[in-house]
Amino acid sequence: MIVRYTEIDSFTVLQGGFKMTDPSKVIHVRNVGHEISENDLLQLFQPFGVITKLVMLRAKNQALLQMQDVPSAISALQFYTNVQPTIRGRNVYVQFSSHQELTTMDQNAQARGDEPNRILLVTVHHMLYPITVEVLHQVFSPHGFVEKIVTFQKSAGFQALIQYQLCQSAVLARTSLQGRNIYDGCCQLDIQFSNLDELQVNYNNERSRDFTNPNLPAEQKGRSSQSGYGDSGGKYASGAGAVVFPQMANAAAIAAAFGGGLPPGISGTNDRCTILVSNLNPDRIDEDKLFNLFSLYGNIIRIKLLRNKPDHALVQMGDGFQSELAVHFLKGAMLFGKRLEVNFSKHPNITQGADTHEYSNSNLNRFNRNAAKNYRYCCSPTKMIHLSTLPQDINEEEIVSHLEEHGSILNTKLFEMNGKKQALILFETEEQATEALVCKHATSLGGSIIRISFSQLQSIRENS
């Protein structure tokens, strides 16, 4: 009989509560995120003895691991009682399982109880870029004829049902693609067999498609969330890594910046590039000052101040991920005595015109070079700013004189890194630092055009 493991596997249910089970050579591991591999778990427990079996319960973010004997399991749990086990920055929690043995049938079933089926349930993790029917078809069609695709958003994230003509094609696709990335460094595939017999598709659009019936209506179709990505003819990696679409070059930079994850509060699924900024100070703001602030989070395409609403502006970023960073980190920031309101705009882009400022070809856009480093430095406004590209003969007095009109400077430090002069300036408030940045970034100081960004350091150490 195949045992169906559950999330309360490591407890025995008693009247009115729970009781820890007796020691077992089977260890139950919880909070096993999708980024954690079998090899990660093996490395965690191999110092305590031989591991004979490992079952990943992906749907529940859990795992069951069987040591060679009970003393080995006891040693592991005694050690991790005093030391919090961590894998890839995530705390995992270990306990004895109520099961004394994992059977071969249990291991083969991977505790899912899912039988091979021609319909696959696909969940996309770390979705930094929109995924549509066209993208999924490019990824899955090399393994067999795909009849239907339906996409939807659930609590688990973006999901899709993919129906093959043959069951063996679905088995091959799952074997080949499980755990791989659609784009380099992101959009990881988690694939299970569905228990459905047939998909019902009513419309052929960017969310669903019946490839056996091209005459279905398109429904009332909104603006495409993919903007031509699906027509790019992406190439597939031959190794065990990513299914790479080469035009998404900054996906690798994002992955490098954030270690394969994303900052807290960032979904990576936004596709709206234009931002509406309101509650600006119309007497002091202009397009270049907005550029200096928003270019911290991505490349700027164009900016428009709304003449009929002088305290409003539209900012068009290079892509949806960059605009999401800007909205997340700048919402509620103080500038020129006003608390900024930063939200996604209903407009997909800013129409070119006499009242728009173009920045798409500006050499001041920060993310054309060193994109991974710039993503990594993204943060909300701080009291500390970092100055770079300073002239070699600059001194602290000249820097203070250049910036002090914007607020009280509490501390400064001029230093050299890789042969280049840089400086840290600590203001009394975040608003003062923000004002200095928007007014003095890309200005001339001692014959050099200086760069200014926020520093995440909390204080200046004199001996650093």
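Q: What makes the pairing of the R302 and E358 side chains a salt bridge?
A: The rule asks for a side-chain nitrogen of Lys or Arg within 4 Å of a carboxyl oxygen of Asp or Glu. In this predicted model, the N to O distance for R302 and E358 is 2.7 Å, so the pair passes the rule.

Q: What are the ground rules for reading this model?
A: It's a predicted model, where local features need pLDDT of at least 70 and side-chain atom pairs count only at pLDDT 80 or more, while totals for chains, interfaces and linings use all residues. Residues are numbered from 1 along each chain as its sequence is written, and side-chain values use heavy atoms, with hydrogens and water left out.

Q: How do you know that R302 and E358 come from distant parts of the chain?
A: R302 sits in strand β16 (residues 300-305) and E358 in strand β21 (residues 356-358), and they are 56 residues apart. Strands (E, at least two residues) and helices (H or I, at least four) are DSSP runs, numbered from the N terminus.

Q: Is R302 buried or exposed, and why?
A: Buried means under 20% relative accessible area, exposed means over 50%, and partly exposed is in between (1.4 Å probe, protein chains only). R302 has 11%, so it's buried.

Q: Which label does E358 get, and why?
A: Its relative accessible area is 37%, so E358 lands in the partly exposed group.

Q: What makes D355 and K304 a salt bridge?
A: Their closest N and O atoms are 3.6 Å apart, so they make the cut-off too. D355 lies in the loop between β20 (341-344) and β21, and K304 in strand β16, so the pair ties together parts that are 51 residues apart in sequence. D355, at 30% relative accessibility, is partly exposed, and K304, at 23%, is partly exposed as well.

Q: How many salt bridges does the rule give?
A: The count is 11. One of the pairs is E134 with R209, whose closest N and O atoms are 2.8 Å apart. E134 belongs to helix α4 (residues 133-140) and R209 to strand β14 (residues 208-210), 75 residues apart. R209 has a relative accessible area of 18%, so it counts as buried, whereas E134, at 26%, is partly exposed.

Q: Why should residues 220-249 be read with care?
A: pLDDT is the predictor's confidence in each residue, from 0 to 100. It stays under 50 over residues 220-249, and also over residues 1-20. The chain as a whole averages 81, and 83% of the residues score at least 70.

Note on methods:
Contact means heavy atoms within 4.5 Å.
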